[in-house]
Amino acid sequence: MLFLLMLPGVAYFLLFHYGALVGNVIAFKEYVPFDGLWGSPWVGSGNFRRMFEDEAFWDAVLNTLWIAVLQLVFYFPVPLGLALLLHTLTWSSVRRFVQSVAYLPHFISWVIVVALFQQVLGDTGLLNSGLSGAGLHTVDIIGDPDAFKPLVVAQVIWKDAGWGTIIFLAALAQVDEQQYEAAAIDGAGPWRRFWHVTLPAIRPVVVLLLIMRLGDILSVGFEQMLLQRDAVGPEAAEVIDTFVYHQGIVGGDYGFAAAAGLFKGLVGALLVYAANKVAHRLGEQGVYR
């Protein structure tokens, strides 16, 4: 019965994930929809040569890496810190209320999130209305290419930091309270208890999530970037996902776009493999043994 219950999920992954890998063959073809997957002419590595010679592609890669590094440095620690703060709350009713408020932005679509930021930080938004009313100089943060990368990181933190605390809270719930009591009896203060009890208990989860994040590092939010690309220009907001979209769906150059997407997938797989090896060297299980 358990295997039967598992079959729909297995069928989904086989059809839409593993089965879809066959479509990567168009990265080596000059794909024409009317000729079909196998009828389109074979170009070998031609699409990849074009991709590596395209300055717009490397600009998209650079933007992607910058945003990914900023998210890794500034966003990744926020759910952990928020989970630690929630874990210290003794009143369960207050903790549930704070959790609910923190989770709520995750269920808001990026269209609404971008619109909210536009209403607050845009050229005619709430911030500039207040500055203009006070006789001060206004600033269009939404339309400033230099402020775009910190802005998208701030949007991710506001939207998903609360949701990211779920796994950390589950890991913290498994820590034996007697270890905290024993450490306190031995004279350990809050910082020592965190360093010697809390951190070792949640370290495997932190390492696992970090490896998964590294594997997905080149995916920095397609919808979020696409909605704001026109406001700041492709020089600041073009990432690999939007590059693939504009080359393939908009431009009709499907083989070239597939080559860029395949390059992104291969880099992600290599990062997962390398990060997992490092985790093994550090004594952690990682994603797989």
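Helices (H or I, at least four residues) and strands (E, at least two) are taken as DSSP runs and numbered from the N terminus. The model is predicted: local features need pLDDT of at least 70, side-chain atom pairs count only at pLDDT 80 or more, and totals for chains, interfaces and linings use all residues. Residues are numbered from 1 along each chain as its sequence is written, and side-chain values use heavy atoms, with hydrogens and water left out.

Confidence was examined through pLDDT, the predictor's confidence in each residue, from 0 to 100. The protein averages 87. A score of at least 70 is reached by 100% of the residues. Among the elements, helix α1 has the highest mean pLDDT (93). The lowest mean, 82, belongs to helix α10 (residues 177–185).

Helix α1 spans residues 2–18 and includes Leu15. Leu15 counts as exposed because its relative accessibility is 54%; the classes are buried under 20% relative accessible area, exposed over 50%, and partly exposed in between (1.4 Å probe, protein chains only). Leu15 is also one of the residues of a nonpolar surface patch. Areas come from the Shrake-Rupley method with a 1.4 Å probe, and for residues only the protein chains shown count as cover. Patch residues have over 30% relative accessible area and no salt bridge; like charges are joined within 9 Å, nonpolar side chains (Val, Leu, Ile, Met, Phe, Trp, Tyr) within 5 Å.

The structure holds five salt bridges, each defined as a side-chain nitrogen of Lys or Arg within 4 Å of a carboxyl oxygen of Asp or Glu. One of them joins Lys264 to Asp241, with the closest N and O atoms 2.5 Å apart. Lys264 lies in helix α15 and Asp241 in helix α14, so the bridge ties together parts that are 23 residues apart in sequence. Both ends are buried: Lys264 has 17% relative accessibility, and Asp241 has 18%. Helix α14 covers residues 240–250. Beyond its neighbours within four places in sequence, Asp241 is in contact (heavy atoms within 4.5 Å) with Leu218, Ser219, Val220, Phe222 and Lys264.

A salt bridge also forms between Asp253 and Arg50, at 2.5 Å from N to O. This pair links distant parts of the chain, 203 residues apart. Asp253 sits in the loop between α14 and α15 (254–281), and Arg50 in helix α3 (residues 46–53). Asp253 is partly exposed at 24% relative accessibility, as is Arg50 at 38%.

Arg229 and Asp230 form a further salt bridge, their closest N and O atoms being 4.0 Å apart. Arg229 is buried, at 13% relative accessibility. Asp230 is exposed, with a relative accessible area of 70%. A network of salt bridges links Arg229, Asp230 and Glu238.

The whole structure contains 18 aromatic pairs. Rings of Phe, Tyr and Trp (its six-membered ring) pair if their centres lie within 6.5 Å; planes under 30 degrees apart count as stacked, over 60 as edge-to-face and the rest as tilted. Phe107 and Trp163 form an edge-to-face pair, with 5.3 Å centre to centre and 85° between the planes. Phe107 lies in the loop between α6 (92–103) and α7 (110–121) and Trp163 in helix α9 (residues 145–173), so the pair ties together parts 56 residues apart in sequence. Phe107 is exposed at 58% relative accessibility, whereas Trp163 is partly exposed at 35%. Ring pairs also link Phe52, Phe57, Trp58, Phe243, Phe256 and Phe263 into a cluster.
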